Amino acid sequence: MESESILQFLENKTILVTGSTGLLGKALVEKILRVQPNVKKLYLLLRASDSNSANQRMHSEVLGKEVFRVLRQTRGNDFESFISEKLVAVDGDVSYENLGIKDFNLREQMWKDLDFIVNSAATTNFYERYDVSLATNTSGVLNVLNFAKKCVELKLLLHVSTAYVCGEKEGLILEKAFHMGETLKKTCSKLDFDMEKKLVVEKLNKLQTEGAAEATITRTMRDFGMERAKLFGWPNTYVFSKAMGEMCLLEQSKDNLPVVIIRPTMITSTYKEPFPGWIEGLRTIDSVIVGYGKGAVTCFVTNPKLIFDLIPVDLVINAIIMAIVVNGTQLSNNIIYHVGSSLRNPVNISQIHEFLFKYFTKHPLTRKNGELIKVGKATLFNDMTTFQVYMAFRYRLPLKMLQLVNIASFQYFGEVYKVYNHKLKTVMRLVDLYRPYLLSKGTFDDINSEELRLKAQESCSEVDMLNFDPKCIDWEDYIINTHIPGLQKYVIN
């Protein structure tokens with residue numbers, strides 16, 4: 001790769017981006033348009049009933065977001081004309097053959113013109129319905145691959161996965177591929193994607209034959225996904241379906257189509273670009289941060305010494321762009337990149353706890369009545385058993401007694417009971433959701449990503465623009481002065 005040509009490489013290229021309404025998708029679109037305005041065309045696949053609806057979604061759910069503020073300011077009055085020239089909203093869905101693109105002429109044009117495909121479409125709900133997760137996170141990957149095989153000029157298919165396809169493995173976790181049928185624990189059942197699809201169809205047919213209500217079907221299919229995930233060793237439906245997506249992708253990709261898999265760890269707000277602190281939605285660590293700031297989380301199950309692997313979203317985007325450029329110029333065979341911080345710039349849970357205490361002590365949140373919320377140091381437990389005993393004596397037993405007193409006193413203590421019951425439910429829900437991550441003893445190896453970083457450093461003029469080295473992050477400064485303020489501005493408020 002010539003040192004001056006990293007961004008030049010994207011000039012006059014045509015790229016399909018799936019999942020463009022998600023955090024990573026819109027951040028990628030914004031970055032490409034901002035740093036390489038001479039890109040030829042970006043096709044954005046969006047779920048919509050027709051092209052007009054897709055265009056409306058693109059303008060409201062992608063371009064209308066705060067992350068495009070800098071680009072709007074930079075382009076000024078020609079922003080709309082620039083966008084109409086560079087972006088094409090495509091109505092479709094990765095869960096369907098040919099990505100659900102009904103317009104034959106548009107499909108033919110895309111197959112002829114596309115240089116790269118970035119698949120970031122996913123349902124990231126840990127407890128999603130199993131049929132929904134499989135359709136997007138597994139079948140969707142196969143549909144993207146089959147679409148890619150029809151593209152005559154395609155140089156690379158990049159798939160965004162997650163580092164947590166590893167499940168609850170400990171020690172150094174390698175940038176290693178999954179193979180179809182591979183499981184994370186020994187079981188008498190064989191993991192086979194076609195069988196999983198068949199089981200889903202049978203389960204749905206049975207529920208529909210029984211006349212089950214939609215709420216019952218949703219609950220049953222969520223439980224079924226968790227059951228299947230845990231049978232094979234994964235902690236939830238999300239990472240299980242993403243792991244199967246990787247298996248299908250690598251098993252059915254062809255030799256002359258380079259495939260790259262990006263596995264980010266826990267994604268947080270922007271570190272620097274297009275401006276610090278931008279984030280959308282409550283991501284993995286953020287639910288705990290907000291719960292703590294609101295006084296709802298006063299205890300948690302986690303080992304204070306364990307490393308929490310965080311990575312800002314703009315560093316992930318830089319890694320994606322570098323992976324496209326480097327692997328799009330050479331024939332690579334199914335390379336995987338971990339994009340995280342646990343190996344090169346680790347931050348542990350005790351440190352994060354201290355940062356949160358500092359921030360919310362100095363900048364407390366307020367209740368609806370204007371009362372400031374005081375936070376204290378949370379009680380941390382190393383294991384579930386100790387935590388459950390504590391919760392039983394500290395919350396469950398007193399709540400049961402308060403409930404009885406409340407009934408006897410004609411709901412006199414109703415508000416008190418409501419507040420403490422909400423705290424209990426909040427903590428238990430977060431513990432159940434994030435236990436595999438808060439008790440994770442794994443460190444993500446990033447030897448492939450380090451090689452990618454070294455290639456980025458060859459470009460002296462662009463190395464800062466495409467930096468994804470986690471060593472640049474001062475965690476205390478970032479969390480206190482960037483991430484939490486960003487959460488407050490873009491999510492909490």
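This is a predicted model: local features need pLDDT of at least 70, side-chain atom pairs count only at pLDDT 80 or more; totals for chains, interfaces and linings use all residues.
1. Asn98 sits in the loop between β3 (87–91) and α5 (104–113).

2. Asn12 is not a glycine either, and it has a positive phi of about 65°. You will find Asn12 in the segment before β1 (14–18). Is Asn12 buried or exposed? With a relative accessible area of 52%, Asn12 is exposed.

3. Most residues other than glycine have a negative phi, and most peptide bonds are trans. The peptide bond from Glu273 to Pro274 is cis, with omega near -5°. Pro274 belongs to the loop between β8 (266–268) and α10.4.

4. Now for the chain as a whole. The protein chain holds 16 helices and 13 strands. Buried residues make up 54% of its 493 residues. Among contacts with a separation of 6 or more, 82% join residues 24 or more positions apart. The chain exposes about 22000 Å², and carbon and sulfur atoms supply 50% of that area.

5. The interior comes next. In soluble globular proteins, nonpolar side chains tend to be buried together. Here, the largest nonpolar core has 127 residues, and Leu33 and Trp234 touch the most other members. Helix α11 (residues 313–327) gives this core its largest share, 12 residues. Another core, of 27 residues, lies apart from the largest one, and its members include Ile101, Ala148, Leu154 and Ile261.

6. Which residues does Leu33 meet, leaving aside its neighbours within four places in sequence? Leu33 is in contact with Val39, Leu42, Phe68, Leu71, Phe82, Ile83, Lys86 and Leu87.

7. Please look at the empty space too. Rolling a probe the size of a water molecule over the atoms shows where empty space is left. How many cavities of 30 Å³ or more does a search of the whole structure find? The search finds three.

8. The largest cavity has a volume of about 210 Å³. Its lining consists of 15 residues, with Val288, Ile349, His353, Leu356 and Leu380 nearest the centre. By class, that lining has 13 nonpolar residues, two polar ones and no charged ones. Helices α10 (284–293) and α12 (349–362) each supply at least two of the lining residues.

9. The second largest cavity has a volume of about 60 Å³. Its lining has five nonpolar, one polar and five charged residues. Helix α1 (23–35) and α11 each supply at least two residues of this lining, and α1 gives the largest share, four residues.

10. Glu273 and Pro274, the two residues joined by the cis peptide bond, are both among the residues lining the second largest cavity. Others in that lining include Ala27, Glu30, Lys31 and Arg34, along with Val313, Asp314 and Ile317.

Technical notes. Residues are numbered from 1 along each chain as its sequence is written. Side-chain values use heavy atoms; hydrogens and water are left out. A nonpolar core is a set of buried Ala, Val, Leu, Ile, Met, Phe, Trp, Tyr and Cys residues joined through side-chain atoms within 4.5 Å. Buried means under 20% relative accessible area, exposed over 50%, partly exposed in between (1.4 Å probe, protein chains only). Contact means heavy atoms within 4.5 Å. On a 1 Å grid over the protein atoms alone, a cavity is a set of points where a 1.4 Å probe fits but cannot get out, and a pocket is an open set with protein on both sides within 12 Å along at least five of seven lines; lining residues have an atom within 4 Å of a point. Grid points are joined across faces, edges and corners, and a volume is the space filled by probe spheres set on the points. Ala, Val, Leu, Ile, Met, Phe, Trp, Tyr, Cys and Pro count as nonpolar, Asp, Glu, Lys and Arg as charged, and the others, Gly among them, as polar. Accessible areas come from the Shrake-Rupley method with a 1.4 Å probe; for residues, only the protein chains shown count as cover.
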